[in-house]
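Please look over the sequence and the model shown here before reading on.

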Amino acid sequence: MSDTRHQQNLSINSINSLIEPTTPPSFGKTSIWDNGSGGKGTGAGSGYNGLNSMGANGIHNLTSGNGVGNGIGGQLGGSLSGPSGSQMGSQMGGMVGGGAGAVSGAHTNGHGPGDHKLDKEYLSGLNKVPLDQLRPEILKLAKDQYGCRFLQKKIDENVIPSSQIRTENFKVIFKEVYPFIYELIIDPFGNYLVQKLIDYCDDANLSLILEILQYNLFQISINQHGTRALQKIINSLNNDYQLSLLISGLNPFIIELIKDLNGNHVIQKILNKYSPENCQFIYDSIINDLYVVATHKHGCCVLQKCLNHVNSMQLVQFSQKILMFDTFRKLTNDQFGNYVLQYLISINSISINLKMYENFMKFGVNNLCNLKFSSNVVEKFLKNCYVNEPNSPAFSNLKLELCLQVMQGDLNKMINDPFGNYVIQTLIDILVNPSINYTNPLNKNLLVLLPLNFNISNLTNPQIQIAIIKNWFVNCKIVSSFGKRIQSKINSILNGTTNNSNGSTNATNHHSANFKNYNFHALNMNANGEFVNSEFPPHLSQQPHKMHQRNLSIPLQSAPFTPLQPMSANNYALGNATNGGVVTPGNIEHPSNLLKPNMSGYTSLSNLNIPHMNNHISNNPSANDFTIQNSYFNGNPANNNQMSPQFVLSPNIKYYQN
């Protein structure tokens, strides 16, 4: 009956033509698992050898399932001298041998050879047998779940306190298994024993293991069991000879290992273990087939680890290959390759970032911003320049150059694009760095983003950010949910509170900004890209109530009426169709002139000089909270508070005057 526990286990990315070898079948009958007729214990005998005189045959007989008093009874009797010892030995032999046979028979359950599996109860009996007497059975024990644990305990410091005994047990086990190390290292249970043995291996043992495994290292690496044991072996290597054996076994398969689910961890273990110079054989293979590695889900991770584990010359080799435009254009919008470019950006080399910017320009900045994965690369570039500009003016200039290129493109399209809008949000966040003084010395690249002849000498960084936004985002149409994100971000900045790229909150008094030479005086951007003026006169801006709409449009009825005559500067005049039915001030068109001097932003109508109304309004402000409404909201045109056929006053609704 063949052993079905070891099945072919190729990982999803392994080479299909290379079939992982399975554990070879059992070599005939082995005594512990197979029934056999043992020699009967005779009780007669002499000598002091005891169990040692028993040998392997006695152990075989111990596991016999015939229920007869066989096995070690004779040996136990032999350890006792004299007639009484002989008789006692016969009795003990029958008891022990019969008990062992009964236990063994129960375990086999009547099955034939090879079906027997060890368990804890059975192995507890083997603890009484010296390990040296189990030599012929160690390989079989190593491939069994309970047998493997039994052998591991023989070299476990928590079970065997004596280091000398553990060392002797290691020598016994290692001598029996090392010729079959390949079988064990890919075995579901045997690999754990190999990992345990590695802790006791010296350089000679490790070299011997590698010499045996040298031509099977690839198959071991892609095996889900073998990869763990091999990584532990690699972590224990100490000399150049062992490294040379490792390189000769793995070098032809570097790319295949990198792409493999299990094999890539072996490569990463080598990167962790050895210096960049010793890892050159890995780097050479990757550079020769960089596109394949960079666009693979495991390969992109290994490549990033390589970029983090290189010397200056090796970094130049990698960056030159990656930033070749033909390679760049393939990687930039690849689902895995874009991460390689982002990691290269994060190395903070100005020469690498300059070359990256050149590729941006050659590919087209707008095209990069509107693609799913390449937009992430542009965002990473902007953020990295933002982080590094306090320490390097070159990064600051590079950031402003890219911002200019982005905003000179089709900004309206990018704002409403599902991917481009993220680039715009990042751009708005990193326009100015709070730790940078852009005015002393004056950054000429920043002036390019501002209106012509714009003076920034007395402006703070948030005010400079507002000026840039007003200069570039005017007339941008918001036609999608993505664009609304930009609109919301811009309005939060214009209104004085926003989250910068570091997550902190900034508050700015925008009314104090010096915009005398600037055409835009607004603080809100609407969906048409228009900056709506929402500033307030100084004496009204500190009041708690503010009017949401400057002009209150009131629908007109078809019947004409005679408008009230314009009053003085502090009076209201109610218009009709000639002025759009809008409540307008009198002679002077300024919000401050709508109220009497020293009036607050919120006032009752009793303080207003409106003809024909004062007789109906009490001097008590709380009793006269009115607002102007269209008459179709109030059904009776003959109501006492009617001002005209067009307008009525509705009580108990506060009128908020701006």
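## Charged pairs and their surroundings

Counting a side-chain nitrogen of Lys or Arg within 4 Å of a carboxyl oxygen of Asp or Glu as a salt bridge, the count for this chain comes to nine salt bridges. The structure is a predicted model, and the points below are grouped by topic.

**Salt bridges**

- Arginine 135 and aspartate 132 form a salt bridge in which the closest N and O atoms are 2.6 Å apart; arginine 135 counts as partly exposed because its relative accessibility is 24%, and aspartate 132, with a relative accessible area of 41%, is partly exposed as well.
- Lysine 143 and glutamate 183 meet through their side chains in a salt bridge of 2.7 Å from N to O, and this pair links distant parts of the chain, 40 residues apart, since lysine 143 sits in the loop between α5 (138-142) and α6 while glutamate 183 belongs to helix α8 (residues 181-185).
- Both lysine 143 and glutamate 183 are buried.
- A salt bridge also joins glutamate 389 to lysine 399, with 3.0 Å between the closest N and O atoms; glutamate 389 lies in the loop between α24 (374-388) and α25 (393-408) and lysine 399 in helix α25, so the pair ties together parts that are 10 residues apart in sequence.
- Glutamate 389 and lysine 399 are both buried, and elsewhere salt bridges that share partners join Asp132, Arg135 and Glu176 into one network.

- Lysine 154 is found in the loop between α6 (145-153) and α7 (163-177).
- Leaving aside residues up to four places away in sequence, lysine 154 touches Asn127, Leu131, Ile160, Arg166, Asn169 and Ile173.

**Helix α19 and its two faces**

- Within helix α19 (residues 312-322), the residues Gln314, Leu315, Phe318, Ser319 and Ile322 are buried, and they lie on the same side of α19 because they cover an arc of only 130° around the axis.
- The exposed residues Met313 and Gln320 are carried on the face of α19 that is turned away from its buried side.
- Among the elements covering the buried residues of α19 are α16 (280-288), α18 (299-307), α20 (325-331) and α22 (350-363).
- The N-terminal end of α19 is capped by asparagine 311, which has a side-chain oxygen 3.3 Å from the backbone nitrogen of methionine 313.

**Threonine 295**

- Not counting residues up to four places away in sequence, threonine 295 touches Leu331, Asp334, Phe336 and Gly337, and its side chain reaches the backbone oxygen of tyrosine 291 at 2.6 Å.

Notes. Residues numbered from 1 in each chain as written. Predicted model: local features only at pLDDT ≥ 70, side-chain atom pairs only at ≥ 80, totals over all residues. Heavy atoms only, no water. Helix = DSSP H or I, 4+ residues; strand = E, 2+ residues; numbered from the N terminus. Contact = heavy atoms within 4.5 Å. Buried < 20%, exposed > 50% of the residue type's maximum accessible area, 1.4 Å probe, protein only. Arc of directions from axis to C-beta. Polar contact = N/O pair within 3.5 Å; in protein donor to acceptor, adjacent residues only side chain to side chain.
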